[in-house]
Amino acid sequence: MRRLANGLIVVCCLLLLANTAQAGGLVRITERVYAYVDAQDTSPANSFGANAGIIIGENGIAVVDTLVSAKEAQRFLRDIAAISGKPVKYVINTHHHLDHAFGNAEFARLGATIIAHAADGSNMRQQAANVLANAGQYGLTPEDLAGTEIACPDLTFSDRLQLDLGGVEVELIYPAPSHSAGSILVHLPGEKVVFAGDVLFTDVHPYMGEGDISGWQRTLDLLAGLEAEVIIPGHGPLSNQKDVAEMKEYIAIFDRKAKELAAKGADDPEAAVAEMKKNLPERTRGEWLIGANLKIKYLAGSPPKP
Ligand SMILES: [Zn+2]
């Protein structure tokens, strides 16, 4: 009996290994959903550790976000091919940022329709070429970006959009401006899964430079109401409702404290970051974003240090 139990454990382990190997870096969330989650390498070349994923319907695949470069998108395509031979019909951009949308062209080339919210579709059209041309300032080298081209959304929407992939319902929801003007949630009600994009950062300090705090709070409330069992954040590990509540708390504390510092005319960036850290909930990665958020969104008008 014991031998049988041990044997079963070995078989189960082998199956798990086989599953992981088959999926490359993509983790199986449900039978129809796979995702990159919780990348330990958060370097710019590795898409800053951004998550992305796929939804597999009977008629084809929808890709949610495309990573930071042609090279990264090619890695993604190889991992998809190891799971399913179905065509990629759609790319859904949760928002316009480079680490989520600069792999678009590799999928567009294969005939995928690229979908985004209208506000971030327009952000991409206005900003992406310039961001790509100046990508060195984000730590990306010409080699990282070799072959990378911008592909803007072909299809945009303003409120909600339903996609039919065959046998799996996909709802794109735009509650309000949040992490960016056009960040959306990708809700799969039948799977009880949501791709939250950068509306949710779990255990990683969020980027808030374009943040709309009250809209972001409403978006997180709506996300909580979707009653998903698994939430895939834009960065960090698979998440749940507790992480959504913590994110809401984090941005409220950040906003309140940063406004206090700005009102006091804080002019020493290091001291301001140290003061923020005393108040913010702890997060393991992305600490550099505290200073970036302060500089971009809150302290831009502070007098320069003498
Ligand atoms: Zn983002």
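Mentor: We begin with the elements: helices (H or I, at least four residues) and strands (E, at least two) are DSSP runs, numbered from the N terminus. This is a predicted model, in which local features need pLDDT of at least 70 and side-chain atom pairs count only at pLDDT 80 or more, while totals for chains, interfaces and linings use all residues. Residues are numbered from 1 along each chain as its sequence is written, and side-chain values use heavy atoms, with hydrogens and water left out.

Trainee: In what order do the seven strands of the open sheet come?

Mentor: Strands of a sheet pair through backbone hydrogen bonds, either parallel or antiparallel. Two strands count as paired if DSSP finds at least two bridges between them. Here the order is β1-β2-β3-β4-β5-β6-β7, and the pairing is mixed. At the edges are β1 (27–30) and β7 (155–157), each of which pairs on one side only. Neighbouring strands are turned by 25° against each other on average, direction ignored; the axes are lines fitted to C-alpha atoms, for helices over the stretch in contact, and angles run from 0 to 180 degrees between N-to-C directions.

Trainee: How many bridges join strand β2 to strand β3?

Mentor: Four bridges join β2 (33–36) to β3 (52–56), and these two strands run antiparallel. Within β3, G53 is the bridge partner of A35.

Trainee: Which strands does helix α2 touch?

Mentor: Contact means heavy atoms within 4.5 Å. Helix α2 (70–81) packs on the sheet and touches β2, β3 and β4 (61–64), its direction making about 35° with that of β3. Helix α5 (118–133) lies across β6 (113–117) and β7, and runs at about 110° to β6.

Trainee: What is the order of the open sheet of five strands?

Mentor: Its order is β8-β9-β10-β11-β12, again with mixed pairing. Because β8 (160–164) and β12 each have a single partner strand, one side of each is left without a neighbour in the sheet. The twist averages 25° from one strand to the next. Strands β9 (169–173) and β10 (185–188) pair in the antiparallel sense over three bridges, and E171 stands opposite H187 in β10. Helix α6 (213–225) lies across β8, β9, β10, β11 and β12, running at about 155° to β11. Helix α7 also packs on this sheet: α7 touches β11 and β12, and its direction makes about 25° with that of β11.

Trainee: Why does the pair of Y250 and F254 count as stacked?

Mentor: Rings of Phe, Tyr and Trp (its six-membered ring) pair if their centres lie within 6.5 Å; planes under 30 degrees apart count as stacked, over 60 as edge-to-face and the rest as tilted. The whole structure has four aromatic pairs. The ring centres of Y250 and F254 are 6.1 Å apart and their planes stand at 25°, so this pair is stacked. Both belong to helix α7 (241–263), where they are four residues apart and therefore separated by about one helical turn.

Trainee: What volume does the largest cavity have, and which residues line it?

Mentor: On a 1 Å grid over the protein atoms alone, a cavity is a set of points where a 1.4 Å probe fits but cannot get out; a pocket is an open set with protein on both sides within 12 Å along at least five of seven lines, and lining residues have an atom within 4 Å of a point. Grid points are joined across faces, edges and corners, and a volume is the space filled by probe spheres set on the points. One cavity of 30 Å³ or more is found, and the largest cavity has a volume of about 50 Å³. Its lining includes N51, D65, H100 and F195, and β11 (193–201) and β12 (230–235) each supply at least two of the lining residues.
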